[in-house]
Amino acid sequence: MSWQQDAGRDLVRSFGDRMAMFVRGEGAYLWDDTGRRHLDFLAGIAVNSLGHAHPVFVEAISRQAATLAHVSNYFATPPQLELAATLKRLAGTGERGRVYYGNSGAEANEAAFKLARLHGRESGRRRVLTLDNSFHGRTMGTLALTGKPAMQEPFSPMVPGVGHIPATIEALDAALDDTVAALMVEPIQGEAGVVELPEGYLRAARELTAERGALLIVDEIQTGAGRTGAWFGFEHAGITPDAITLAKGMGGGFPIGALVTYGDASELFFPGSHGSTFGGNALGTAVAGAVLGEIERAGLVDNATVRGQQIRDAVAAIGSPLVTGCRGQGLLIGIALTHPVAAAVTAAAQERGLIVNAANASTVRVAPPLTIGDAEIDEFAELFAASLAAVAESYPVNDAASAAGSKVTA
Ligand SMILES: *Cc1c(COP(=O)(O)O)cnc(C)c1O
């Protein structure tokens, strides 16, 4: 019995076929069940900030598991309070910040959705705006927020009170009326294919939402925790939001999410209005605290900037006719292709022991651990160049579109 057969028979079919079975990881490397080594330039989709089996991660889990894992939200624990203080400091909330803990990105965004409804409760503002092509999660609430009609269609009807608008300042200006409680945006749309907001968008969004009485909620689930070369993506725009949501990289591989609120938005939840049994448990918050502590201690936010540029330079130096350039910031990079062959390039990379992913039909997403250095980047450049060459050869660039189809993995 192969693992492929087991997976095909026993796992829910909501994902495509698993591409490999991994049994061990260390740093930026993974080993599969055949003993083969792979260079992991996806990091569990921007999750494994410190790479695999980092000693700080291992030590934090082991120590906290042996001390206290879970007590329910009837009680406080030191790790959850320490992490809240750290998140407030890093996010720049000042005194009037608060932290809600969940266990995933979707749960963080569900909390943000409820925050928006609470904000508009007295004024009658019931609507939340998000952007076309945005991704905010797969629960019913966050699927309604997600701006991808094809993902919503099988599950209609959607939760009401959500509007999707194009990512332009004009569209926002036109849509921000007195029915709107909040605007939720990703600083970089990771799942849409690492698509950046137009120049000046976040700044304009901050001004317009403040002026018209709506909250600005920034979904930092993929961009947060140092990934873009700042602790949070919104910092690049020099704004202060009303709330941010976090998950992915903040736990370094341990499932945890959070909503961090600023100022008046910190006063909206009241006792009994929201909760999660596991949310904010001592184990998860201890691990996230240790992961953020190590990112800070080792200067990994700056490393994301430096290594991100190094990867862009390396991709440009390959000089492949299939590559048009790179999008994104820091270590969240979308390598744009001239043709919809991202799935083929990803498959060619995997054959060569390099893990990347097709963020959309014509974009390869690269999101390695924040810990990478010269050796990993040199190896990436070599394997990625060979993968591009193989695809360019097997799909003559002119009819690549028809040859490769357009399989998109999210
Ligand atoms: C991954 C992601 C989510 C959903 O997070 P889950 O942990 O998968 O629920 C939401 N928003 C953004 C921007 C994401 O990248």
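Predicted model: local features only at pLDDT ≥ 70, side-chain atom pairs only at ≥ 80, totals over all residues.

I began with helix 12 (residues 342–351), which is mostly covered, with 7 of its 10 residues buried. Buried here means under 20% relative accessible area with a 1.4 Å probe, protein chains only. Helices are DSSP runs of H or I, at least four residues, and strands are E runs of at least two, numbered from the N terminus.

Residues are numbered from 1 along each chain as its sequence is written, and side-chain values use heavy atoms, leaving out hydrogens and water.

Which residues of helix 12 are buried? I listed Ala-342, Ala-344, Val-345, Thr-346, Ala-348, Ala-349 and Gln-350. Their cover includes strand 14 (332–337), strand 17 (363–366) and helix 13 (374–394).

Next I checked the core, a set of buried Ala, Val, Leu, Ile, Met, Phe, Trp, Tyr and Cys residues joined through side-chain atoms within 4.5 Å. The largest one has 80 residues, and Phe-41, Ile-311, Ile-335 and Phe-380 touch the most other members. I then followed Ile-335: beyond its neighbours within four places in sequence, its contacts (heavy atoms within 4.5 Å) include Val-315, Cys-326, Val-364, Phe-380 and Phe-384. A second, separate core of 16 residues includes Leu-115, Ala-116, Ala-243 and Leu-259.

Definitions and conventions:
Buried < 20%, exposed > 50% of the residue type's maximum accessible area, 1.4 Å probe, protein only.
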